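Please keep the structure in view while reading.

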Amino acid sequence: MVIAFLFFPFIVGQNFTPAHEEGFAPFFILFALYFFRKNKFMPFLLFLLVTISIKESLAPIAVMFGCYAFLKKRSLAWIIYPILIGISWTVLSIALINHFQNLYHPHSDSAWFFVYLKKAFLIKNKDGPLPLITYLLSNSNMLHWETLKSMFLLILPLGIFLPLLSSVSLLGFPELILNLLSCNQTIFSPIWHYNIAVSCFILIGAVEGIRKISVFAYSRGFLHISGQKLESLLCIFILCCTLIYSHLWIGLGIYKKDAGRINAVKEALSLIPAYASISAPADIAAIVSGREKYSILGFDSGEDY
């Protein structure tokens, strides 16, 4: 399962794109969960604080930790403090984003999710909340079947139902909802960073699902094999399923070794003025990321080149 984690498309894909702060999140997310399990409150809070400070979209995870603590019948401190931290950081981060966007707005899609919500809530109408809800849903990924099909890549390598057998998968629910409400249709691509947190939690959920199935089957005498052997077989199954989906990211790894193409791309980029904005496909993301103004879309979005 450790190998499956390292080769999970939404985790391994981060090694082939420009470095993003959320790529460092799994270390802190998993330690926060570890100390939660070990019932060590202060280390848990420390890692939770670092986790949500990485990116504003991770703040709702703290709120969900409080709800998870309620489900686990923890003391009030375990419930209240994470919820307060999550709400406070969400409000603060939105305020900071809004402030700095007014000072410096390098790209129309920066902080895209909050810009999108801001536009929605500024709709002038006298017909109540229905136009707002209609705007949000009609522009969101929820109503785009192509995007929803990509979303299923999150659970297909994990046997679809295994993460659903564990309540820990709920901790990734906020990030999943934010991505579904997004108007960015490339958000469920394995090479982007938007699904790192939910990947961590559903992978742990799959581990717990395997354990539950094995204990249940062994207690009922199903298959006439030990629980440990059944666990091993299920883990091998998940590893195989994960490796099957290597085609989603392995092409980028092959490209990074193509010295001829890299040199050709760099030579082409040298002809473009340094101040100009460019739009580039994902496979040369790591090369163009040193430029001040660029977007990784692969189609014309208003850039100079």
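A salt bridge is counted when a side-chain nitrogen of Lys or Arg lies within 4 Å of a carboxyl oxygen of Asp or Glu. The model shown here is predicted, and it holds 3 salt bridges. One of them joins the side chains of E21 and K55, with a distance of 4.0 Å from N to O.

**The chain as a whole**

- The protein chain contains 15 helices and 2 strands, and 43% of its 305 residues are buried.
- Of the contacts between residues at least 6 apart in sequence, 65% join residues that are at least 24 apart.
- The chain exposes about 16,800 Å², and carbon and sulfur atoms supply 69% of that area.

- E21 is partly exposed, because its relative accessible area is 38%, whereas K55, with a relative accessible area of 15%, is buried.
- The side chain of K55 also meets that of E56 in a salt bridge, at 3.7 Å from N to O, and in this way E21, K55 and E56 are linked in a network.

- Helix α11 runs over residues 196–220, and its 25 residues should span 36 Å at 1.5 Å a residue, which agrees with the 36 Å between its end C-alpha atoms.
- Just after α11 comes G221, which takes a positive phi of about 75°.
- E208 forms a salt bridge with R37, in which the closest N and O atoms are 2.4 Å apart; this pair links helix α11, where E208 sits, with helix α3, where R37 sits, across 171 residues.
- E208 counts as buried because its relative accessibility is 10%, while R37, at 38%, counts as partly exposed.
- The side chain of E208 also makes a polar contact of 2.5 Å with the side chain of S166, a residue in the loop between α9 and α10.
- S166 has a relative accessible area of 5% and is therefore buried; leaving aside neighbours within four places in sequence, S166 is in contact with G205, E208 and K212.

**A nonpolar patch on the surface**

- W145, F152, L156, I160, F161, L164 and L165 form a nonpolar surface patch, and together they have about 700 Å² of accessible area.
- F152, one of these residues, is found in the loop between α9 and α10, and it counts as partly exposed because its relative accessibility is 37%.

Terms used
Residues numbered from 1 in each chain as written. Predicted model: local features only at pLDDT ≥ 70, side-chain atom pairs only at ≥ 80, totals over all residues. Heavy atoms only, no water. Patch = residues over 30% accessible without salt bridge, like charges linked within 9 Å, V, L, I, M, F, W, Y side chains within 5 Å. Areas by Shrake-Rupley, 256 points an atom, 1.4 Å probe, with all protein chains shown as cover. Helix = DSSP H or I, 4+ residues; strand = E, 2+ residues; numbered from the N terminus. Buried < 20%, exposed > 50% of the residue type's maximum accessible area, 1.4 Å probe, protein only. Expected span 1.5 Å × (residues − 1). Contact = heavy atoms within 4.5 Å. Polar contact = N/O pair within 3.5 Å; in protein donor to acceptor, adjacent residues only side chain to side chain.
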